[in-house]
Amino acid sequence: MRLLLTSAGISNPSIRDALADLLGKPIAESSALCVPTAAYALPGGAGMAWRLISGSALSPLCELGWKSLGVLELTALPSIKKEHWVPMVQETDALLVGGGDPQYLCYWMQQSGLADLFPSLLRKMVYVGVSGGSMVMPPFGTTYDGHNLPTDSDRALGLVDFALFAHLDHERFPEYSLANLERLAATIPVPTYALDDQTAIKVIDDNVEVVSEGHWKLFTP
């Protein structure tokens with residue numbers, strides 16, 4: 001399993017180096033698919049999705065100089081024959097998963113069948129998450145209630161054994177202050193990382209490494 005879980009994308013040289021290391025080759029020689037789905041459950045989500053795809057978002061991801069880049073829209077996949085999209089995903093070097101609502105993203109990962117492919121895909125593909133795209137991987141996700149999903153829908157996939165909060169001490173998100181996140185972490189029975197926008201978590205199988213040019217905090221249960 002190879003994951004790069006970021007708060008705000010490839011925001012500094014250290015995180016970019018971590019991505020290249022996970023890929024095992026330069027970004028310019030790597031293919032990628034962008035997943036904008038999580039954004040649609042937030043106000044202004046259509047614009048957020050476009051900025052992600054067009055490489056004009058505040059969280060650098062699609063504009064890194066990939067050899068090839070496509071869009072994988074999860075809400076469309078249940079209506080498409082699997083032989084049309086599964087081989088494409090299997091041949092891709094990196095999956096770039098944008099931010100938004102983790103519960104909405106988790107739902108469509110499951111409904112589309114993408115989540116079922118992760119055990120085999122992540123043996124060679126690099127999963128790169130931004131904000132909600134990162135928070136969907138731990139066992140404890142969240143939601144912003146901008147959807148009509150059943151209340152008991154899974155909020156996260158639980159593919160790693162720690163929790164994660166993005167945007168630590170960000171001026172636009174006062175609810176993500178260190179004090180607030182510490183209180184939330186106290187309710188979670190696994191180690192919890194709080195990451196600012198210059199920090200990411202690099203995961204290779206059971207090895208977890210924090211990559212940062214900013215600040216972060218690990219809360220233990």
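Analyst: **Strand pairing and what surrounds it**

Strand 1 and strand 5 (residues 126-130) run parallel and pair over five bridges. Two strands count as paired if DSSP finds at least two bridges between them. Helices (H or I, at least four residues) and strands (E, at least two) are DSSP runs, numbered from the N terminus.

This is a predicted model, in which local features need pLDDT of at least 70 and side-chain atom pairs count only at pLDDT 80 or more, while totals for chains, interfaces and linings use all residues. Residues are numbered from 1 along each chain as its sequence is written, and side-chain values use heavy atoms, with hydrogens and water left out.

Back to the pairing. Arginine 2 has valine 126 as its bridge partner in strand 5. Strand 1 also pairs with strand 8 (residues 199-204). Here the two run antiparallel, again joined by five bridges. Leucine 3 stands opposite valine 203 in strand 8.

How many of the residues of strand 1 (residues 2-6) are buried? Five of its five are. Buried means under 20% relative accessible area, exposed means over 50%, and partly exposed lies in between (1.4 Å probe, protein chains only). Arg2, Leu4 and Thr6 point one way from strand 1. Leu3 and Leu5 point the other way.

Strand 7 is joined to strand 6 by three bridges, and the two run parallel. Alanine 163 has threonine 192 as its bridge partner in strand 7.

Now to the packing. In soluble globular proteins, nonpolar side chains tend to be buried together. The largest nonpolar core in this model has 39 residues. Such a core is a set of buried Ala, Val, Leu, Ile, Met, Phe, Trp, Tyr and Cys residues joined through side-chain atoms within 4.5 Å. Those with the most contacts inside it are Leu72, Leu74, Leu95, Met109, Leu114, Phe118 and Tyr127. Among the elements that give two or more residues to this core are strand 1, strand 2, helix 3 (82-90), helix 4 (102-112) and strand 8. A second, separate core has 22 residues, including Ile10, Ala18, Ala94 and Ala200.

Leucine 72 touches Leu33, Met88, Leu95 and Leu114, among others, not counting residues up to four places away in sequence. Contact means heavy atoms within 4.5 Å. Leucine 33 sits in strand 2 (residues 31-35). Its relative accessible area is 4%, so leucine 33 is buried. Leucine 33 and isoleucine 53 are 20 residues apart in sequence and 9.7 Å apart in space, C-alpha to C-alpha.

Arginine 51 makes a contrast. It lies in helix 2. Its relative accessibility is 38%, so arginine 51 counts as partly exposed. Beyond its neighbours within four places in sequence, arginine 51 is in contact with Ser56 and Ala57.

A pocket, on a 1 Å grid over the protein atoms alone, is an open set of points where a 1.4 Å probe fits, with protein on both sides within 12 Å along at least five of seven lines; lining residues have an atom within 4 Å of a point. The largest pocket is lined by 23 residues. Nearest its centre lie Met48, Ser59, His167, Arg172 and Phe173.

Aspartate 145 is in the loop between helix 6 (132-135) and strand 6 (163-165). Its phi is positive, about 60°, although aspartate 145 is not a glycine. Aspartate 169 is in the loop between strand 6 and helix 7 (178-185). Its phi is also positive, near 55°. Are these two buried or exposed? Aspartate 145 counts as exposed because its relative accessibility is 61%. Aspartate 169 is partly exposed, at 41%.
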